[in-house]
Amino acid sequence: MEWSSRLGALADFDRVGRFDELERELARLPAASPSSAVGDLAYWRGKVQVVSSRFASAIAPLALAVRLQPTRAHAHYLLGVALAREQLRADAVRMLQCALDLQPDLSAAALELGQLWLALGNPQA
């Protein structure tokens with residue numbers, strides 16, 4: 001199967017919330033991938049870790065996704081969630097704020113950021 005077909009299938013699994021299948025297909029990919037796919041693959045690898053509550057394992061792939069795709073708000077959001085769950089709250093606040101700067105209507109990021117501010121005793125909450 002060529003890469004464009006593989007990426008399309010992975011995107012479909014993500015879109016419909018079939019994260020077990022997404023994770024299985026990611027594991028089956030060859031080690032070498034086209035450079036144009038690395039950001040998407042890192043995002044999906046991190047996302048399946050977050051969905052599975054494996055937050056520490058999500059940080060490295062999501063950090064790579066954010067670095068390679070700095071305008072992808074949802075990658076910043078997921079990285080913020082993973083950082084928050086690992087008690088790296090200052091970094092989490094930064095990632096969540098960046099997600100909201102990129103996509104102000106990303107309500108999940110706003111909720112997560114508000115919860116962090118409350119936990120930190122921040123008056124912005």
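Visitor: Does Glu112 count as buried or exposed?
Guide: This is a predicted model, where local features need pLDDT of at least 70, side-chain atom pairs count only at pLDDT 80 or more, and totals for chains, interfaces and linings use all residues. Residues are numbered from 1 along each chain as its sequence is written, and side-chain values use heavy atoms, with hydrogens and water left out. Buried means under 20% relative accessible area, exposed over 50% and partly exposed in between (1.4 Å probe, protein chains only). Glu112 has 8% relative accessibility, so Glu112 counts as buried.

Visitor: Which helix holds Glu112?
Guide: Helices are DSSP runs (H or I, at least four residues) and strands are E runs of at least two, numbered from the N terminus. Glu112 falls in the run of residues 107–120, which is helix α7.

Visitor: Which residues is Glu112 in contact with, leaving aside its neighbours within four places in sequence?
Guide: Contact means heavy atoms within 4.5 Å. With those sequence neighbours left out, the partners of Glu112 are Tyr77, Val81, Ala84, Arg85 and Leu96.

Visitor: With which side chain does Glu112 meet in a salt bridge?
Guide: A salt bridge needs a side-chain nitrogen of Lys or Arg within 4 Å of a carboxyl oxygen of Asp or Glu. Here the N to O distance is 2.4 Å. The pair links distant parts of the chain, helix α5 and helix α7, 27 residues apart. The partner, with a relative accessible area of 38%, is partly exposed; its name is Arg85.

Visitor: How many salt bridges does a search of the whole structure find?
Guide: One of them joins Asp14 and Lys47, whose closest N and O atoms are 2.5 Å apart. Asp14 lies in α1 and Lys47 in α3, so this pair ties together parts that are 33 residues apart in sequence. The search of the whole structure gives a total of eight.

Visitor: What relative accessible area does Lys47 have?
Guide: Its salt-bridge partner Asp14 is buried, with a relative accessible area of 15%. Lys47 is buried too, with a relative accessible area of 11%.

Visitor: How many residues separate Arg94 and Asp91 in helix α6?
Guide: Arg94 forms a salt bridge with Asp91, with the closest N and O atoms 2.8 Å apart. Arg94 is partly exposed at 48% relative accessible area, and Asp91 is partly exposed at 32%. An α-helix has 3.6 residues a turn, so residues three or four places apart point the same way. Arg94 and Asp91 are about one turn of the helix apart, a spacing in residues of three.

Visitor: How far apart are the end C-alpha atoms of helix α3?
Guide: The expected span of a helix is 1.5 Å times one less than its number of residues. Helix α3 covers residues 38–51, so its 14 residues should span 20 Å. The model agrees: the end C-alpha atoms are separated by 20 Å.

Visitor: How many of the 14 residues of α3 are buried?
Guide: The buried set includes Leu41, Tyr43, Trp44 and Lys47. What covers the buried residues includes α1 (3–15), α2 (19–28), α4 (55–68) and α5 (73–85). Helix α3 is largely enclosed by the rest of the structure, because its buried residues number ten.

Visitor: Which residue just after α3 takes a positive phi?
Guide: Look just past the end of α3. The phi there is about 60°, and the residue is Ser53.

Visitor: What distance separates the C-alpha atoms of Leu113 and Leu96?
Guide: Leu113 lies in helix α7 and counts as buried at 2% relative accessibility. Beyond its neighbours within four places in sequence, Leu113 is in contact with Val93, Leu96, Gln97 and Leu100. Leu113 and Leu96 are 17 residues apart along the chain, yet their C-alpha separation is 6.1 Å.

Visitor: Which residue lies over the face of Tyr43?
Guide: A charge sits over a ring if NZ of Lys or CZ of Arg is within 6 Å of the ring centre and within 35 degrees of the ring normal. Arg6 lies over the face of Trp3, at 5.3 Å from the ring centre. For Tyr43 the distance to the ring centre is 3.6 Å, and the residue is Arg72.
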